[in-house]
Amino acid sequence: MENKQANKAANKAAKWQIKKLPTGVILDRDGVINFDSPDYILTPEQWQPIPGSLAAIALLSRAGIVVSIASNQSALARGMLDDATFAAIHARMMLAIEAAGGQLSHVAYCPHGPDDQCECRKPLSGLLVECLAAMRLPADEVIMIGDSLRDVQAALTAGVRPLLVQSGYGDASAILKKAHALDADIAVFPDLQAAVNALLHGD
Ligand SMILES: [Zn+2]
């Protein structure tokens with residue numbers, strides 16, 4: 001009986017390789033790296049990093065963990081954001097991450113809207129599959145850090161361990177409840193800095 005319980009506990013720990021550092025991390029962008037808005041991020045000036053997020057990316061890079069981004073950007077499909085402004089927002093983010101000492105392996109954006117029937121828009125897994133291929137890493141060595149149920153769903157579909165942060169604009173407790181209905185083992189943190197500290201130091 002005791003052995004059975006011990007085995008069960010070991011299986012649970014093995015499920016997401018809790019004790020093992022990931023070799024790669026896929027980040028959602030809005031609400032994880034920068035403050036999100038229900039009105040979308042439409043100008044470079046509106047791209048404002050969440051305190052600690054840039055330093056957290058730098059910590060991952062210094063630890064040898066490959067970092068990429070998977071981000072829905074339906075404002076493009078909605079005609080609220082043109083390609084040039086979108087590129088300027090992206091450039092501002094890249095500059096800020098690199099200035100803080102972080103390195104990105106890949107940035108995957110979905111430019112489509114919910115009715116475009118693409119395969120990349122989260123909760124589908126296309127963006128994550130793209131990131132895994134670019135990082136050349138197997139899904140079971142990678143963690144996805146997101147603030148929304150869509151991130152969790154995309155991660156689970158891609159076979160990547162999801163991790164939730166509560167720095168987005170949505171109803172964090174409602175999101176957590178829905179995420180835990182999908183997988184009760186999903187860990188949750190206030191923000192990216194806390195999540196990365198936990199990953200690297202186990203606290
Ligand atoms: Zn798409």
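The following conversation goes through the fold of a predicted model.

Trainee: What should I know about the model and its numbering?
Mentor: It is a predicted model, in which local features need pLDDT of at least 70 and side-chain atom pairs count only at pLDDT 80 or more, while totals for chains, interfaces and linings use all residues. Residues are numbered from 1 along each chain as its sequence is written.

Trainee: How many helices and strands does the protein have?
Mentor: There are 8 helices and 6 strands. These are DSSP runs numbered from the N terminus, with at least four residues (H or I) for helices and at least two (E) for strands.

Trainee: In what order do the strands form the sheet?
Mentor: The open sheet has the order S3-S2-S1-S4-S5-S6, with parallel pairing; two strands pair if DSSP finds at least two bridges between them. Strand S3 (106–110) and strand S6 (187–189) are the edge strands, each pairing on one side only.

Trainee: And how many bridges join S1 to S2?
Mentor: Strand S1 (residues 24–27) and strand S2 (residues 66–72) run parallel and are joined by 4 bridges. Val66 in S2 is the bridge partner of Gly24.

Trainee: Changing topic, what share of the residues is buried?
Mentor: Buried residues account for 38% of the 203 residues. A residue is buried if 20 or more other C-beta atoms, placed from the backbone, lie within 10 Å of its own, exposed if 12 or fewer, and partly exposed in between.

Trainee: What does the C-alpha trace span along its principal axes?
Mentor: The spans are about 65 × 35 × 30 Å.
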